Amino acid sequence: RVEGDFRYLSPSVLQTTVSDTVRGGFFNVNVDDIQEVLLSKPWVHHVTVKRIWPDSMSVTVSEQIATVRWGSIGLINPDAEIFTPEKNTYPDDLPVLFGPEETHQFLFALYERLQKKLGLLGLKVTELNLNARRAMTFRLHNGPLVILGREDVESRIDRFVGDVVNELNDPEKIEVVDLR
C-alpha cells in the first residue's frame with residue numbers, strides 16, 4: 001500500500017517503484033532501499049515504510065511543499081531546502097528568490113520576515129534579489145521595485161513598512177522606490 005496526499009506525485013508510479021525495488025520475502029525486504037529509491041524522486045519529502053504481518057507493507061509518502069522558486073534552479077520548501085523537480089511541474093505564481101549560490105537559506109528567511117510584515121498590509125512580495133555585490137531589491141505584486149541596497153537592510157524594510165507604504169496612494173503607478 002502506498003498512501004499520502006498527492007498533488008504532484010502519482011500513487012501508481014510510486015507503487016510501481018516500490019514493487020520494482022522489493023526483492024525477497026517479508027523478512028528480506030530492505031526497507032532502507034525502498035526509502036532511498038522513493039526519496040530520489042524530487043517531489044518526495046519524507047517516506048515511512050512499515051512491514052505488516054504476514055505479507056504486506058505500508059508506505060507513507062509526504063510530498064514536498066513548494067514555498068518559493070530559487071531562480072531557475074529549483075524550488076524551496078518550508079524548511080529552506082532546495083529541490084529540483086521538472087520545470088513543467090512548478091506551481092504557478094510562486095515568488096522568486098535570486099542570489100549567489102549558498103544564499104538561499106538567508107534569502108528565504110528574509111523573504112519570510114518581509115512577507116510577514118507586508119502581508120499584514122495586504123501586499124505580496126513576488127521577487128527578492130541579492131546581487132553579486134550583495135545589494136538587495138524586492139518587487140511587490142502589481143507594485144514597485146524596492147531598492148534596499150547593501151547596508152541597514154532590516155531598518156530600511158521597517159522604514160518602508162512603517163512610513164513609505166502609507167504614502168503610496170496607488171502602488172501600481174509607482175515603478176521604483178529607492179530606500180538607500
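This is a predicted model: local features need pLDDT of at least 70, side-chain atom pairs count only at pLDDT 80 or more; totals for chains, interfaces and linings use all residues.
Residues are numbered from 1 along each chain as its sequence is written, and side-chain values use heavy atoms, with hydrogens and water left out.

Let me start with the sheet. When I speak of helices and strands, I mean DSSP runs numbered from the N terminus, with at least four residues of H or I for a helix and at least two of E for a strand, and two strands count as paired if DSSP finds at least two bridges between them. Here 3 strands form an open sheet with mixed pairing, in the order β1-β3-β2. The edges are held by β1 (2-3) and β2 (44-52), and because each has a single partner strand, one side of each is left without a neighbour in the sheet.

A hairpin through 3 residues joins β2 to β3. In the loop between these strands sits Pro-54, and the peptide bond from Trp-53 to Pro-54 is cis, with omega about 10°.

Another case is Asn-142, whose phi is positive and near 50°, and which is placed in the loop between β9 and β10 (145-149).

Next, which residues of helix α1 are buried? In α1, residues 11-21, they are Leu-14, Thr-17 and Val-18, where buried means under 20% relative accessible area, exposed over 50% and partly exposed in between, with a 1.4 Å probe and protein chains only. These residues cover an arc of only 95° around the axis, so they lie on the same side of α1; the arc is that of the directions from the helix axis to the C-beta atoms. The elements covering them include β1, α2, β2 and β3, with contact meaning heavy atoms within 4.5 Å.

Now to the aromatic rings. Rings of Phe, Tyr and Trp (its six-membered ring) pair if their centres lie within 6.5 Å, and planes under 30 degrees apart count as stacked, over 60 as edge-to-face and the rest as tilted. By this rule there are 3 aromatic pairs. Trp-43 and Phe-83 have ring centres 5.1 Å apart and planes at 70°, so this pair is edge-to-face. Trp-43 comes from the loop between α2 and β2 and Phe-83 from strand β6 (residues 82-83), so to speak distant parts of the chain, 40 residues apart, are linked. 

Ring pairs also join Tyr-8 with Trp-43 and Phe-83 in a cluster. Phe-138 and Phe-160 form an edge-to-face pair too, at 5.6 Å centre to centre and 85° between the planes. Phe-138 lies in strand β9 (residues 136-140) and Phe-160 in helix α4 (residues 153-167), so the pair ties together parts 22 residues apart in sequence. Both Phe-138 and Phe-160 are buried.

That brings me to the nonpolar cores, each a set of buried Ala, Val, Leu, Ile, Met, Phe, Trp, Tyr and Cys residues joined through side-chain atoms within 4.5 Å. The largest has 29 residues, and those touching the most other members are Leu-97, Leu-118, Leu-128, Met-136, Phe-138, Leu-148 and Phe-160. Two or more residues each come from β4 (68-70), α3 (104-119), β8 (125-130), β9, β10 and α4. Apart from this core lies another, of 20 residues, including Leu-14 and Val-61.
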